Amino acid sequence: MIDVINLEKKFDNGFTALKSVNFTIEKGDLICLLGPSGCGKSTILNLIAGLLTPTSGDIKFSGSSIIHTAPKNRDIGFVFQNYALYPHMTVLENVLFPLTVGQNKISKAEAMPIVEEYMHLTNIEDLRDKKPGTLSGGQQQRVAITRALVQKPDILLLDEPLSNLDARLRLRIREEIRKLVKQVGITAVFVTHDQEEALSISDKIILMNEGIVQQYALPQELYLEPSNLFVAKFIGSPIINTFDVTVRSQAVDFGLFQIPLSNFTDARFQVQLQENEKYTFAIRPEDVLTKPESAGHLDMTITGYEIIGRDCILQFEQDDFKLKSIVNIEEAKSDYPLGLSFDLDKAFIFNESGERAY
């Protein structure tokens with residue numbers, strides 16, 4: 001178990017990378033630290049690894065603080081973005097190296113059965129005599145992961161490990177990483193800026209922005225129950241539709257049309273929204289419903305579309321009012337006006353500070 005308690009990191013140039021970060025990672029979980037560049041996710045990873053020292057706060061492994069524990073004694077395996085393989089060594093020598101050096105080194109004879117076991121596990125046995133420069137990106141990544149796992153660490157840290165791979169290879173390797181981590185039973189912390197990657201690989205996601213944890217939850221919970229506007233807009237592709245609205249005369253006023261509060265079946269909606277207050281109304285594209293006839297809150301004509309396999313993203317625009325809808329590809333063949341409506345049970349409302357109001 002990893003406990004991060006009131007963790008803060010301020011650099012010498014005055015930049016505060018982390019602001020009172022708290023979370024707990026259960027043993028055996030694969031957790032993704034997700035967020036835009038500069039949000040603090042790699043800083044957290046480096047603090048856990050001991051490559052940085054926190055300004056304040058604590059980090060505990062299984063209840064014991066490791067703040068003053070040297071990195072080599074933290075029982076951590078680290079997979080870097082650039083793989084960090086030794087170019088003059090073969091694959092076998094790279095994997096063998098961490099077991100045969102340092103204070104806890106063992107003999108080559110003792111190390112070889114362990115190395116063979118993990119090379120078989122990661123399917124790199126046939127690469128044993130090759131050097132990193134002759135390997136593909138995916139092969140190098142597997143070697144780097146094997147070298148980290150062969151030390152049998154309690155915790156595996158992975159810093160943007162797939163960012164140098166092409167899209168198809170990223171998909172395959174991330175599946176391999178999850179399978180491998182679960183097979184070994186190790187606790188893993190995986191840093192990425194790619195939401196699709198995080199949603200597909202993780203048990204839970206810690207979503208960061210500007211040094212603050214925005215939400216720590218199951219992947220599906222981030223999507224279905226975002227705690228604030230940042231989470232709602234960051235998670236989901238295409239991005240969620242958002243509209244500036246005002247509550248007037250017991251209705252949500254969009255400018256081009258209004259939706260009576262009575263249309264919202266959830267009683268919380270009617271209770272929590274205040275008359276004449278401004279809010280952000282948000283709804284995901286798949287919850288924007290379309291019909292050929294005039295059957296919605298607004299009739300609009302398709303202004304563009306994007307094919308995504310069997311589905312299609314329809315784009316609508318009228319004055320400053322823009323939105324997207326995901327429909328079956330057959331519905332993208334027409335340019336006639338569509339009646340649009342919203343599945344209001346799936347809508348979100350955020351107040352002016354971006355916090356969830358509904």
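# Close-up views of a predicted protein model

Of the 358 residues in the protein chain, 49% are buried (buried means under 20% relative accessible area, exposed over 50%, partly exposed in between, with a 1.4 Å probe and protein chains only). The model is predicted: local features need pLDDT of at least 70, side-chain atom pairs count only at pLDDT 80 or more, and totals for chains, interfaces and linings use all residues. Residues are numbered from 1 along each chain as its sequence is written, and side-chain values use heavy atoms, with hydrogens and water left out.

**View 1. The whole protein chain.** The chain holds nine helices and 21 strands (DSSP runs numbered from the N terminus, H or I of at least four residues for helices and E of at least two for strands). Its C-alpha atoms fill a box of roughly 80 × 45 × 35 Å along the principal axes. Among contacts (heavy atoms within 4.5 Å) between residues at least 6 apart in sequence, 65% join residues at least 24 apart.

**View 2. An open sheet of six strands.** The strand order is β6-β7-β8-β3-β9-β10, and the pairing is mixed (two strands pair if DSSP finds at least two bridges between them). β6 (76–79) and β10 (212–217) stand at the edges with a single partner strand each, so one side of each has no neighbour in the sheet. Neighbouring strands of this sheet are turned by 15 degrees against each other on average, direction ignored (axes are lines fitted to C-alpha atoms, for helices over the stretch in contact, and angles run from 0 to 180 degrees between N-to-C directions).

View 3. Strand β9 (residues 204–209) pairs with β10 in the antiparallel sense over five bridges. Met208 has Val213 of β10 as its bridge partner, and Ile206 has Tyr216. Two residues lie between the strands of this hairpin, and Glu210 in the turn has a positive phi of about 50 degrees.

**View 4. Helices across the sheet.** Helix α1 (residues 41–49) lies across β3 (30–34), β6, β7 (155–159), β8 (187–192) and β9, at about 145 degrees to β7. Eight of the nine residues of α1 are buried, among them Ile44, Leu45, Leu47 and Ile48. Gly50, which follows α1, has a positive phi near 90 degrees. Helix α4 (residues 137–149) lies across β6 and β7, running at about 170 degrees to β6.

**View 5. The largest nonpolar core.** This core has 47 residues, and Val91, Val95, Val115, Leu156, Ile177 and Phe190 have the most contacts inside it (a nonpolar core is a set of buried Ala, Val, Leu, Ile, Met, Phe, Trp, Tyr and Cys residues joined through side-chain atoms within 4.5 Å). Helix α3 (residues 108–121) gives the largest share, six residues. Leaving out residues up to four places away in sequence, Val115 touches Leu92, Val95, Leu96, Leu99 and Val150.

**View 6. Two aromatic pairs.** Phe78 and Phe80 are stacked, at 4.3 Å centre to centre and 10 degrees between the planes (rings of Phe, Tyr and Trp, its six-membered ring, pair if their centres lie within 6.5 Å; planes under 30 degrees apart count as stacked, over 60 as edge-to-face and the rest as tilted). Phe254 and Phe342 form a tilted pair, at 6.0 Å and 45 degrees. Phe254 lies in the loop between β12 (251–253) and β13 (258–260) and Phe342 in strand β20 (residues 338–342), so the pair ties together parts 88 residues apart in sequence.
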